[in-house]
Each structure stands twice: as C-alpha cells, then as structure tokens.
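I opened my notebook to look up a few things in this structure. Here is what I wrote down, entry by entry.

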Amino acid sequence: MVTPASTNAGPPSGDFVLALDCPDRPGIVHAVTGFLVRHGGNIVESQQFGDRLNGRFFMRIDFAMTAPPKDRPSVEQLREEFAGTAADFEMTFELWDAVTPYRTLIMVSKHLHCLNDLLFRHSTGSLHVDIPVVVSNHRDAEPLVRSHGLEFRHIPVTAATKDDAEAELMALHEELGIHLVVLARYMQVLSDDVCRRLSGQAINIHHSFLPSFKGAKPYHQAFDRGVKLIGATAHYVTADLDEGPIIEQDVIRVDHNHDQAQLVAAGRDVEAAVLSRAVRWHSESRVRLDGHRTVVFR
C-alpha cells in the first residue's frame, strides 16, 4: 500500500504522525515513547486503546521534532529506524510527515450532495486531502468538478463494459498513487476483486434507517412508513455490500411536518456530514481496523 509518507518529496516539516496496532502486551508504550525520546520527538497528541476482547492494542501519536530543520530526520529514516521496534512487538504501523495530504480519488454518479460537500471542505482546507481526479459513470458532476479546477474522468459502466471500466479505474488508481477512494454516492457495485485490492482504502456512504429500506427511493419508502429517525453510515468497502467496518454514523429526527422532499433534503444533509467526518478521520490516520470493527481516535 502506498502511504502519504512515500510521496513527501520536500524537507521534513518536523511534525509527524505514528499510528499502530499490535498484540497487547506490557512495554509497548515504553518502547514507542523511548524511540521518540531517542530521536528528539516531542509528543503533541497521544491516544491509545486496548481491546480486551481480542487482545489487541491501538495507538496514535502526533509528535514534533525539536532539532533544527537541517538536523531533522526524514520520514523515510524514521520509518526505517522504527521498523526494529515494530518487529519486536509485531506491529502494523504507518508513520508519515503530517503535512502530506492523502491523495484521494472521489467517485460519484448522479447525486452530487456528498461530492459538493467534500469539494467545498477541500477548497477551504478543512480536509487533509489532495484530489487529483473525480471519476463518474455519468457526466452530471462534470461542471461542479471543473468549477473547482479539478480533473473529471468519465468512465461509463454497463454490464458489458464493467470489467474494462474497473480495469481503467484501477490503472488510474495506480498511475496517480491514490491513498484513498471515496464513493460519494457512486451507484455501481464494485467487484469482489476491486474490493479486495482497496481493502481499508475505500469509504462508502449510504442511508441507514430504522427499519432499513432497500431498493429504489428509500426516503420515499421511509416517508410512507412515517419514520421518526433518518440517518447515514460511512464504512469501509468490502465484498459484502454495505456491511464493511463502520467508521461513522449519525441520525436526525423527522416528524409528520416533513414532506417527501424535506425528508430527502434532510437525508442528504446527514449523508454529507457523516461522509466528510469519515474522510477527515481516515486522512488524519485516526481510524484503525479492528477485525470487523474500527477504532477511531477522534
């Protein structure tokens, strides 16, 4: 997997992030903080969690180097030197220069509310991502994408062309060094092979109701049943449709005063908010996979 650290070509900023998980045992925190002390790192933010159910430990540390810029180690040097500690504790870890954004490919179909929210947040700097391209199986999003000065790529999908479309998508993913794929209401089901290749690197958003309404026009179905809560779920993409590890969820209350159009608008608002939070947390490496669940260091 390509990490943000590997694309950082400039001098180190002095602010780094280390995120890790490993089997839980005594000495992990001592080993990690000892490594930072030896390399002149000052901890700015530290969060940790021990999952007693499966005996796994999770940690995220934001640290700053105290040495002058000319004496600071590069992210590659830090990763190489931390590898020994990681091996001792069987760690899976990421370590990168905190100013390097995730290269993010967004996919969308015809519903543009989530895309519009992500592009606005990106334009204001509130999302730590770089968006080299937006991909769609329709052209509805092209004017919006172009208005933000971003590249738009139309990759149509039919039953006959699905394999070729996915091959083009993954070639683009590889060519651009993508770290994260966001399905911002992309209404095509990805193949099992693509889901496996993007494991832990692709986020999807969908509505979530109590009860759940599937098929066409879910908000209209919800209106007909008189629901009192509507919501949304952001999760990692897996081959099991809409059943990947959940990153974020939210709900809002509705009542008899909401007509169908108002219900749809409320649903779009919560979908956009939930997806943007999930993308932000992932791009700041605040999310760690814990089996079928996630640990989110907010």
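Which side chains meet in a salt bridge at 3.0 Å, N to O? I found Glu-142 and Arg-139. I count a salt bridge when a side-chain nitrogen of Lys or Arg lies within 4 Å of a carboxyl oxygen of Asp or Glu.

A note on my source: this is a predicted model, where local features need pLDDT of at least 70, side-chain atom pairs count only at pLDDT 80 or more, and totals for chains, interfaces and linings use all residues. Residues are numbered from 1 along each chain as its sequence is written, and side-chain values use heavy atoms, with hydrogens and water left out.

Next I checked cover. Arg-139 is partly exposed because its relative accessibility is 48%; the label runs between buried (under 20% relative accessible area) and exposed (over 50%), with a 1.4 Å probe and protein chains only.

I then searched the whole structure and got 21 salt bridges. One of them joins Asp-130 to Arg-103, with the closest N and O atoms 2.8 Å apart. That pair links distant parts of the chain, 27 residues apart: Asp-130 sits in strand 6 (residues 129-136) and Arg-103 in strand 5 (residues 102-108). I take strands as DSSP runs (E, at least two residues), numbered from the N terminus.

Glu-284 and Arg-286 also pair, at 2.7 Å, N to O. Is Arg-286 buried or exposed? Arg-286 is buried, since its relative accessible area is 11%, whereas Glu-284 is partly exposed at 22%.

Last, I noted a salt-bridge network linking Asp-21, Arg-56, Glu-94 and Arg-288.

Note on methods. Helix = DSSP H or I, 4+ residues; strand = E, 2+ residues; numbered from the N terminus.
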